[in-house]
Amino acid sequence: MLRSRHTVPLLILTLIIGGAMVLVAVFIDWIPAVGSKQAERVDTLFLFVGIVSIAIFTLVTVVVVYCGWRFRVSEDDDTDGPPIHGNTKLEIVWTVVPAILLAIMAVWAYLVLSDNEALANDRLVIDVTAQQFAWQFVNPEAGAASADMRVPAGRQVQLKMRSKDVIHDFYVKEFRVKQDIVPGITTSLVFNPTRVGTYQVVCAELCGVGHGTMRARVIVMEPAAYQQWVTQTKADVAQQQAAQQQNQGQGGGASTAPSTTAPAPAPATP
Amino acid sequence: MATHAPTHSAPGGGHVHHVDPRPLSYWWKRAAVWTVGSILFAFAFVWLLRNFFQNTPTWDPQVYNAVAASFGAIGFLIGIGCFVWWWGWIRGRTVDAEDHSMHGATSWRDYFKVNTDHKVIGVQYLVTVFTFFVIGGIFAELVRTELAQPGQAIGDGETYNGLFSVHATLMIFLFVIPAFAGLANFVLPIMIGAKDMAFPRLNALSIWMLIPGGLMLAVSPAFGSFSAGWTAYTPLATQGGTGQTLFEVGIQFAGASSILTAINFLVTIFTMRAPGMTVWRMPLLVWANATTSALVVFGTPFIAGSQFMTLFDRVMGTNFFDPAGGGDVIMYQHVFWFYSHPAVYIMMLPGFGIVSEVIATHARKPIFGYRALAFSTVAIAVLGFGVWAHHMFVSGMAPWLRVPMMITTIIIAIPTGIKVFSWLGTLWEGKIHLRTPMLFAMGFIVTFSIGGLSGVMLGTIPVDIQVTDTYFVVAHIHYVFLGGSVFTIFAGIYHWFPKMTGRMYNETLGRWSFWLLFIGFNLTFMPMHWLGLQGMPRRVATYDDRFADMNMFISAASGIMTIAVIIFFYNMINSWVRGPKAPWNPWRGRTLEWLVSSPPSLFNFEATPQVVGGPYQYGVPGARHAVVFAPEEIGGELTETEKRTILVIANETVSSSTLIDEIRHRADEGLWRFTIAVPVGDGDQRAADRRLQVTLSVLAEAGVDASGTVVAGDPFAAARRVIDEEDVHELMVATYPTGRSGWMADDMVDRLRKATGLGVTRVVVRPDEARAPLPHAGVTRTAVIVDEAIGNGRLVDALRERADRGPVATVLLYPMALEGPGWTDEAEELRGAASERVREALDRLQDAGFQARGEVLDGDAAEAARVARTAHDAQAILVVATRGGPLGSDEALARITAAAGSLPVERIVVEAPTAPAGG
Amino acid sequence: MATAEPNVTVTPQATPPPSRAAQLSPGLLSMVFFIGSEVMLFASFFTAYFFVRYNVADSWPPLNDAGEPFELPVGITGLNTAILVSSSFTVWWGEHRLHKYGDHKAIARGLIVTIMLGATFLIIQINEYVHLGFTPQSKAFGSTFYCLTGLHGFHVLIGLTLLTFALIRVLKARDFTYISTTPLAAAGIYWHFVDVVWVILFFLVYVL
């Protein structure tokens, strides 16, 4: 094989096509910014799967292009190719090699998955309620519901999510996490935000007319700023509740639900 | 019902073909009455029932719609005549199981009514599905129009949700799945040597059932289309309106059609294979369709179940998916994907089969690893039932199910990889003809690899969690279904177009359609991977501004695909109407469908063929796949009057072994006699006659029924002359390769095709082949040992005399009888001069119509005789001697005779040339 | 794999021998595949049943709106099960007489009795529906119960229709001889399938 007259042109073609692939992979910004520990692990796995994919794709394309160019005959050529029916060694190779690569992928994926979903003891649990077409986040530490989610950087967050009507999906691309929110059950999602910033929450499961606009924000704050916000919100809520109780005493029958909008200080910027 | 392929005599034989006398309008009026009547009946029926059971409110539109749609479709099927035969049977009438009154097509009208001919049904399928393809394509372009810029462009969000839902549903259920059913309907029974499918009437019911189902989906936008996506996840689907009802009912009809076809295929493949067609001799398309059919039979009921439950939830108020009533939302996804993942293989495996056929045929090589390909098909199908939950990694299902499903998913990549690599192995060192079907097949390998690899990415759970429900998945599914399935459908359409229509498509337009589609496709869908990774969710009409440029680019690129598809349609329709007639076997394929006429006769075969070998034995000397017999009624052999004529037109190439082998190959089909016409123009008639005699002699020796004539004039004159006298069925034209051939320079093949309206097979003969002596029986191979007489005109005269006694093939041997060492410059010079003289002599012989080869020998005449016997396998030796020359003596003759052994030796003595020729 | 198949020379025969697969009756084979498809349709509804029962419900049978557990009449349905199962034997008896003795009267009688038993089953089942006290709208329990038994009832109806067709052919066309019985045998197999499904359904839904 190595001494075959096909070796050199195949190598050149591999360099051209493989090189083009690598250029495309390197010079286009495929991967979005990283915002969580989960994202780091997923990106490493993705890199591995990507490299394997590029290698296999290059191999296939090189052979197809080379065959189309080198073995092409004119319409007048009535001869047949060599009657080769198979090659057991080759067939074993192209069964076993992909099997090994895939096994590595599967084990790696399993490890990443269990790491990504391992629960920390000091995690912050936030209740999420989705409905057509809005999000509501209840932070038990602050005791208030809000349309945006505020979490401290460096601490694990677990979302307990419920839906009021149809299936929605909580998706933040910088965290590389996604989870359907299904009516009737509570689904859970874990992420460890690492970088302070504001990220977009996208509903990723078709949920009706307003699906495309069902957005919210996750605001990852410095722990200190977050603590300040919690204290502030708690105080505000207490104040509001007191006012409400007064109202109730006067008018009665008013809703006792927690306030739907939480007064929030300006997002802390580092 | 027809069991093992019944025997039908050829048209015009003993069997009278009764044709249904009722006109087209009768059936369609009947269908209209039944459809409208059934819908009205449905409304009355539901109204009565609801009153009887005191359901409130009496008017609940979705109940009425669901029942009316179902009844209307069934009424249509009754009206159009799907049940006529069965209705007679049910009532206890005497019915003829072999009733062919609705079989076959003689005009376009026959395609518009119920027909039991699998070939007609195949065409009906393909025309139907391509109609839905156009509708689905328009929806796709509307989707891209909406997405060209970030804001809302067409209608409201609901409109957009309807657009992509209808697009996906039509493409999946009304295009890809039934397109494969249509292609297989046409070619599969022929491939296995059957006269039809096992259940032709059921087959007709299947196609007609697809039509109302498809119409319900296609017209649903007019009633407020279903907008929960083709996956129709509950509870969102439960919120839908009339469109959703039409979706749920329409899918049932499409699904039932699919199941019935699949059962039909399975029974056909199990019971109706021609004798000798063992499972390991089945073409891979047959393997693929058997496997796919099993998937359809056992998988499709699950989508039926899921849609029944959703329908009941919506119109009856059941609680399958309502958590408040104890239902389970995620259960829908399990039931749905338990069908819909195997459906992915239902949409891929037949394509794999088509690609295997196309690649082996156009690369002229046996398929690489036939058994591995067959087994991997089965493996994919079996594993396919165990991977459904990989669509649900983020759905909130039981978490423990994820890793097992990832492992099965990843395992599927192995048989898929085996397939791709086996195709590459088949291409390697093939003789690749880059015709349109082959381009599509090779393009498919590239694009499908991308789809497969992104599939592996999606199979690894953490990556899937990141990119599922984004445009990455949109890119993946289109690389699999468009770059995969649709490319294979196009490959199949182009590949079998000559067989199906009896006409050739336009190759140039075909190539244009491929390249535009390939480029447009990649430009459209490759960037979607990026969009998905960057976090653009799918199924949204409005999106972030940062995706605007890329989406505009994608929308523009999708226009290229539209142009490609328009070219495709133009090519198909135009070629179907006025394309050149196709020969039986334009690609020189080996499988059975290529051994019958284009288009095939009413019952495909005159008699059941006998399969004797594997289907892809390209390049294996003497190997054959099948023998096609003459009708049994006349003893299995055709009498002379029954054989149809193939007219062979050739001049200088007439006695080439290439042409003779091709004729013998065709003659093995048992259906042909050959008339060989040699148009000589203003050339030497006697030379042409001599060549013809050689060919006829060889053919007679091989038992081929052939006659021949030399015609003064051009090939047109020759064709006219023969066609006037005989019923010519097909032309075979032998020429030198393009560039060497005067006929090809004049476009002779195309002009003959147009002038005669017959299919033309072109046989290409290399010039050195044309003059090489034939190795066949029927020709006396004569070695001519010659001295200085080689430069003499008398040599040709002597041979002529000889040739008049019987066809000869000549080997000219010129012994130089050098004295002294053979390596000196002097000897080299002599040798060169001798070679030159031999060449001149050969040219003269060629012009005179002799096939000759020549050789200069260093030895003497006796040596030449030995060489003649051993190296050239000569049957006779002729010595041509100059009077008084070295071979003229009796002594020389005695030496030659001794060296020649048992071969007869003859000597002709000619006068010395007046002027010495050469040095 | 690397060797070519040997060259094959063929002597054309007047009548090629049919392949072994051709000995299978296409009609029966198609019915077997169709039943396979039907099994999967039932399986999809059983899947729904299992999900509702084992994945969602806290107790089974669940509580209805009045706060009491749903009840199913196991006794009377058990009797009904016996009726349906016995009808499998009557059709088998008829077919057996036809095959063994060419007894046309027996097959006609066997079919008539089977159809009557099947119809009895349906009537008892409808009567049960009327007196159950809950509807398909009553929680997922009612939905799965009615859809499973209703789907089965619909299949009993199809089976009865097929048997009726066979009966018509027997009486009017005298179609089936002891060698050619494909449609009859197909209807018979379908009927056995309907019975087997019911036994499973009865066990899973009523008893278990």
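Guide: 74 residues of chain A are in contact with 78 residues of chain B. This is a predicted model, where local features need pLDDT of at least 70, side-chain atom pairs count only at pLDDT 80 or more, and totals for chains, interfaces and linings use all residues. Residues are numbered from 1 along each chain as its sequence is written, and chains are lettered from A in the order in which they are written.

Visitor: What makes two residues count as in contact?

Guide: Their C-beta atoms, placed from the backbone, must lie within 7 Å. The 74 residues of chain A and 78 residues of chain B are therefore counted by that rule.

Visitor: Which elements of chain A give two or more residues to the side that touches chain B?

Guide: They are α2, α3 (88-117), β6 (168-172) and β7 (177-181). Helices (H or I, at least four residues) and strands (E, at least two) are DSSP runs, numbered from the N terminus.

Visitor: Why are 42 residues on that side of chain A called nonpolar?

Guide: Because each is Ala, Val, Leu, Ile, Met, Phe, Trp, Tyr, Cys or Pro. Asp, Glu, Lys and Arg count as charged, and the others, Gly among them, as polar. That side also has 17 polar and 15 charged residues.

Visitor: Where do the domains of chain A run?

Guide: Domain 1 covers 7-70 + 89-117, and domain 2 covers 124-247. These bounds come from an automatic or database domain assignment. Their C-alpha centres lie 36 Å apart. The contact takes ten residues from domain 1 and 13 residues from domain 2.
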